[in-house]
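Please look over the model shown here before we discuss its side chains.

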Amino acid sequence: MRKLLLLVLFVSVTMVTYAGGYRVSIQGQRAMAMGHTGVAVINSAELVFFNPAGLVYLENKLNVSVGASGIFADVIFQNEENGVTSETDSSVGTPLNAYVSYQVNEWMSLGLGVYTPYGSEVTWPTDWAGSHLVNNIDLSAIFIQPVVSFKLSDHFSIGGGPIYVTGNVNFNRNASRTTTDIEGVRSNITVDDTGVTNWGWSIGAMFNPTKDFHVGFNYRSEIIIESEDGEATFANFPNSSAAPPNGTTSFTAELPLPAELTLGLSYQYKKWLFAFDYNRQFWEVYESLDLAFGNGQTSINPRNYKNSSVYRFGLQYDATEKITLRAGYYIDETPVQEGFFSPETPRNSSDGFSGGLSFAITPKLAIDASFFFLRFEEVDASYDFAGDGVPFSGTYESSAFGPGIGLTYKM
């Protein structure tokens, strides 16, 4: 067994939810309620993530936004030819976000954001049909982003700053479809690493033709996450010169977090606000996931992702002085190409529906609530690079639901 297939996605919040690879788009309760639009919406410190250039147009000197969501996701796999059906355990993710902005003077504001934009959590039944690809995977990452925003005029501003990323991963799969130890226990591999870090950056701009019409631009750089001191555990392998020794060894790997470009606009008409965002994710950088183990084993896993787009529509209505209602819809394209669909990130294209509201407890403090429902396309797909020359194929059905709650404070 000279090469072992180790399908591991490496990095970054927690759940299988969004079609865009392992990207998880829940970075603010107000934005989420409006279909995750925000690059041209001036209403809270969530702009730290969506477009730092807009911070200088917030009315208050201090703005704080915090929130969390609970995400419930399920994936069902079926192969009608052999009658195999499997379903993931219901995963519950809890992406968090916290933002603060401070107006230094009339032309400059500072901000800080902590959020979780990437990840995956999937648990399949033990020894299921695709266990040679994945049994379970749990990824988590935190982005920390300080920003500065400059007002060049009442009509134009710029902003941006560095991004610090720290992430963890834990992954388990069986070694092959049939390999066992002398007692018949399936051979398996577990990969674990914590505290993996790197840096990126973000830049944004905002143009305001009128006080009610805003146009936004935001770009986040590609970030390559590298594991150099990870731990890999080989267990239940037969005592054979053709098999690797049981025990713990090291591994190295890297995974790109792709660059993103978002363009959008918003328009305020009396009590109504309309927003549209176009988000382009440059997934073509994810060509292959290659791993090297300290015991001499290697794993090369083609991915061949393509660039993908998200189209987001949001609506807001000021119902009363205390209550603001929101709704949204978005179309999220998958970056996975034919023949490269793997069950550790079963991401097919989806339609998203969202809604929510804000309730002003006081003029300074408001409760923000949101929810979304993802309806994934049913897809017949395969992964054709499983190491043994036999494609793993079937039908995948997925769904996800996520309620969220947060607070907005301004002073």
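This is a predicted model: local features need pLDDT of at least 70, side-chain atom pairs count only at pLDDT 80 or more; totals for chains, interfaces and linings use all residues.

Modeller: Residues are numbered from 1 along each chain as its sequence is written, and side-chain values use heavy atoms, with hydrogens and water left out.

Colleague: Which residue forms a salt bridge with Arg-30?

Modeller: A salt bridge is a side-chain nitrogen of Lys or Arg within 4 Å of a carboxyl oxygen of Asp or Glu. The closest N and O atoms of this pair are 3.0 Å apart. Arg-30 lies in helix α1 (29–33) and its partner in strand β21 (365–376), so the bridge ties together parts 338 residues apart in sequence. The partner of Arg-30 is Asp-368.

Colleague: Is Glu-260 buried or exposed?

Modeller: Glu-260 forms a salt bridge with Arg-220, with the closest N and O atoms 3.4 Å apart. The pair links strand β11 (213–220) to strand β14, 40 residues apart. Buried means under 20% relative accessible area, exposed over 50%, and partly exposed in between (1.4 Å probe, protein chains only). Because its relative accessibility is 3%, Glu-260 counts as buried.

Colleague: Which residues touch the most other members of the largest nonpolar core?

Modeller: A nonpolar core is a set of buried Ala, Val, Leu, Ile, Met, Phe, Trp, Tyr and Cys residues joined through side-chain atoms within 4.5 Å. The largest one has 59 residues. Those touching the most other members are Trp-124, Phe-143, Val-165, Ile-223, Phe-251, Leu-257 and Tyr-396.

Colleague: Which strand gives the most to the nonpolar patch?

Modeller: Patches are made of residues with over 30% relative accessible area and no salt bridge, where like charges are joined within 9 Å and nonpolar side chains (Val, Leu, Ile, Met, Phe, Trp, Tyr) within 5 Å. The nonpolar patch covers about 1100 Å², and its residues include Phe-207, Leu-265 and Trp-272. Strands β9 (156–174), β14 (260–269), β15 (272–281) and β18 (308–318) each supply at least two residues. With three residues, the strand that gives the most is β14.

Colleague: What is the relative accessible area of Glu-81?

Modeller: Glu-81 gathers with Glu-80, Glu-378, Asp-380 and Glu-397 in a surface patch of negative charge. Its place is in the loop between β2 (71–79) and β3 (84–87). Glu-81 is exposed, and its relative accessible area is 81%.

Key
Accessible areas come from the Shrake-Rupley method with a 1.4 Å probe; for residues, only the protein chains shown count as cover. Lys and Arg count as positive and Asp and Glu as negative; His and the chain ends are not counted. The place of a charge is taken as NZ of Lys, CZ of Arg, CG of Asp or CD of Glu. Helices (H or I, at least four residues) and strands (E, at least two) are DSSP runs, numbered from the N terminus.
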